[in-house]
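Good morning, and thank you for coming. I would ask you to look at the sequence and the structure as they come up on the screen.

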Protein chains: 2
Amino acid sequence: MITLDFTQRGSLTLSEYLYREVKKKILNGELKGSEKLPSKRGLSVHLGISVITVQNVYERLISEGYIFSREKTGYFVTPDLEIFTKGRPEKSGDPESSSLCYRDKDKQKEKYQEEKEYGDFVNLSDSASGTEKFPFSVWNRIFREVLKTKGEELLKATPSEGIFPLREALSEHLKTFRNIQASPLRIVIGAGSEYLYSLILQLLGREKIFALENPGYLKPGKIFKSLGAECVPVPLDSSGFSLESLKKMPLKKSPDVLHVSPSHHFPTGITMPVKRRNEILRWLEEKKDRWIIEDDYDSEFRFSGKPLEPLQRADASGRVIYLNTFTRTISPSFRISYMVLPESLSRVFKEKLGFYSSTVSAIEQFALSEFISRGFFEKHLIRMKNYYRNLRNELIGKLNNSLLKDKIHIREEDSGIHFIMNLKTDLPEKEFKKRAFEKGLGLSLLSDYVYPETLSPGKTAGLDSFMEQGFVSIVVNYSGLKKNKIEKLVSVLEEVVLDS
Amino acid sequence: MITLDFTQRGSLTLSEYLYREVKKKILNGELKGSEKLPSKRGLSVHLGISVITVQNVYERLISEGYIFSREKTGYFVTPDLEIFTKGRPEKSGDPESSSLCYRDKDKQKEKYQEEKEYGDFVNLSDSASGTEKFPFSVWNRIFREVLKTKGEELLKATPSEGIFPLREALSEHLKTFRNIQASPLRIVIGAGSEYLYSLILQLLGREKIFALENPGYLKPGKIFKSLGAECVPVPLDSSGFSLESLKKMPLKKSPDVLHVSPSHHFPTGITMPVKRRNEILRWLEEKKDRWIIEDDYDSEFRFSGKPLEPLQRADASGRVIYLNTFTRTISPSFRISYMVLPESLSRVFKEKLGFYSSTVSAIEQFALSEFISRGFFEKHLIRMKNYYRNLRNELIGKLNNSLLKDKIHIREEDSGIHFIMNLKTDLPEKEFKKRAFEKGLGLSLLSDYVYPETLSPGKTAGLDSFMEQGFVSIVVNYSGLKKNKIEKLVSVLEEVVLDS
């Protein structure tokens, strides 16, 4: 029978405590795969808590795939509890997922994150931010000040585009850091880039065809599709989005909108060279009603050299939508992104979508506005940049001094908080990932960021420029990596490669 | 020339201060309609601030309709600065709006709210919450605690549906207050009901036809349309949503989804009687793949009698989606709503939409979870209920003791934070509204909440049960009304009615 010391539960609810403890016992092997769990009633009597509480916990564990129920027999621990990790969990129709009992991908992700707390699992597959450096005390102070000084102002509905002071602060920030002249009146704030993508779709129209980087950050495509638009994944070449590839594709209609991240492509790390930028801008000007969505999501983290100016800056046609987010620079749990609309779309936004309420709470808008305009954001960026640079150097240094030094090719692009590492091995990549996972290392593969419909056996559409024969291509999201886990990371990779 | 005392600007930015001061001068008549404003350069030199700052302020004032520019001539105050107010600014194609120079409806709303601060404008047209009673100190404390105790947990991406403790707190709350059994696993949290509507549309499919209450809260219709679905506004009768009316409509295809607010319809205040509820549930069961969206948005504010149970509770088919929000009970600027999905949709959500990130920041989710589970929300509701009951009684009392006492019919429904007042007058309703506005009283008319496409001259589709010949029907949103403004409100109404 499961025994728990409820005096240890601190401020947790009974149900949360029970949930965590049972999960911990499953993860640390105390409860084994296929083992029968106590009945709801039995556990409830044993622990002196209500049956409902036990039932809620069991339901939650079922939905997360830790346990399963068999009719009239009882509850059991899921056997072969193997989870293959993916950073941004965006692959639909992923052949792997059907073999898992997790119907809920987000739960799966949540599970992962919690898992890191238990045991010493190292996760390179998500882009958490470096929590050690988060300016808690500044946020504490700002929140307190905002609550105190803004008073009733915090209770008023904010305008659809966000409060003016925040848009003004962003306008200033863009001027200073990205050389973008964006009137606050053209800036729209929303609860994450995903929400902004849905606004963009409504602005441009569902009948538009969206061309997307492949491999790439798969979410925009999922969102545009889920909202009814047609999407065309376009293979990259070594300069990034390739109009050449696009032209060669057998399409009935050519795309109207390109989604690109020229400053730093995820996951390849490509910075689009000027020549390619010009080609893309020429494409834009060729026809009316063509648009570019420029995702500038981690341009803040460039480690050497001057960053290239955004496309938005060079655009003469007024048809580039610039998008950026605070989920990378502040934290993934902080749901604020923004976009700069071209003049013409800004007008359409006000007419067609101005009825929407802002999706960001007033208090967070005021707090962020203070954080930026008083210079804390700039300081934070500088700190994070140094932190990430050191972390990256240490990680790469250790890899280059490891037993794998002759088997590693790192594609380093001097920017961003991820890089691609090609690792020489005879193992098929899925097997590689599985073995690493079993040893406590979660990895993302480059192929995890390819649109599944473009993947065919033996073919690696658009990946030729990045992959090497006889190597696995790993996307190393090191931002959430703790320094004391680097050794473990290196030794797991050594074991997997050298034992095979 | 405009003179300003910059030592008075406190913590405001130069631009914000200049903006507010110029606006104040326009609103209080110091700057008159058609009056020429100083040139950008002139004002910049005069005040010793940069031209860019002045330009930003002028641009903002233009976009909000306070001033306009004439090429090569300069900037002028907008003449005849009359704004007709609408609470929830949701009418598209409103014939009034073209006569205004405000291209931006949200700005217009923002303007309104700010206007209330200047002068003694009384606004009955929006549903602000009673700010006097907002529990600032509790929120202060909770935010501080959450920041302190949750630490790194606040930096992790939260699951798509929201953090579990908040969903658990909501589940408990629903059980206690609405007698709803909703497993936390079926609850989805989002940044406002508008966002949840977009998720619902993606869940049910764009090809569905949505039947909407007419008159009603117009936003769901705007959102479904904006996302590409067909919408059918259905006239109400005195029991609310009328299947009878729906049957009589010449439609090619019958609707698949009903959006209803049986607990308290906005703006008519109808509580749907049991008989009608049963009819609607029967409609639901007649065919597969029919759905009901139940908006329970202000069921918390029932002043007498036991509230009727939600449809969701009586639904045997498992096809009612229950929706509620904190924008009414806490504040419009607080962007958290939630829905309870039926089991079947909950599964679809996880499969199809589980890739979405949550739109609510972790800190707000944790704070709200504490606010509810520690009983503060319940206390807050009791306080607000008393506050609104007193406010409503005082308001109705003063109206019934005014010179208008024989000209007023109040439709009171013992619940919610609005009611309908029919007022006897020979004035056409738009003229009535205009005159009230000129005297400093912003009003919403019942007809403002009718789908514009169903309005035809001389016809009041679906309003027959609520309007009376020779009366104007006013929707009184009294929640944001300050007690010391009641006298003014009554006297403006007296003047408008008796002077005509």
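I shall speak about chain A, then about aromatic pairs, charges over rings and cysteines.

A word on sources: this is a predicted model, in which local features need pLDDT of at least 70 and side-chain atom pairs count only at pLDDT 80 or more, while totals for chains, interfaces and linings use all residues. Residues are numbered from 1 along each chain as its sequence is written, chains are lettered from A and ligands numbered from 1 in the order in which they are written, and side-chain values use heavy atoms, with hydrogens and water left out.

Let us begin with chain A. It contains 16 helices and 16 strands; these are DSSP runs, numbered from the N terminus, with helices being H or I of at least four residues and strands being E of at least two. Of its 500 residues, 63% count as buried, where buried means under 20% relative accessible area, exposed over 50%, and partly exposed in between, with a 1.4 Å probe and protein chains only. Among contacts in chain A with a separation of 6 or more, 73% join residues 24 or more positions apart, a contact being heavy atoms within 4.5 Å.

How many aromatic pairs are found over all chains? The search of the whole structure gives 40. Rings of Phe, Tyr and Trp (its six-membered ring) pair if their centres lie within 6.5 Å; planes under 30 degrees apart are stacked, over 60 edge-to-face, and the rest tilted.

One of these pairs is A:Trp139 with A:Phe334, which is tilted, at 5.3 Å centre to centre and 55° between the planes. A:Trp139 belongs to helix H5 (residues 136–150) of chain A, whereas A:Phe334 is in the loop between strands S10 (320–325) and S11 (337–340), 195 residues apart. A:Trp139 counts as buried because its relative accessibility is 2%, and A:Phe334 because its value is 7%.

Another pair, B:Phe266 with B:Tyr449, is edge-to-face, at 5.0 Å centre to centre and 85° between the planes. Both residues are buried.

Next, charges over rings: NZ of Lys or CZ of Arg must be within 6 Å of the ring centre and within 35 degrees of the ring normal. A:Arg60 lies over the face of A:Tyr19, 3.6 Å from the ring centre. The charged end of B:Arg60 sits over the ring of A:Phe164, 3.6 Å from its centre.

Finally, the count of disulfides over all chains is 0, a disulfide being a pair of cysteine sulfur atoms within 2.5 Å. A:Cys231 is buried, at 13% relative accessible area, and B:Cys231 counts as buried at 14%.
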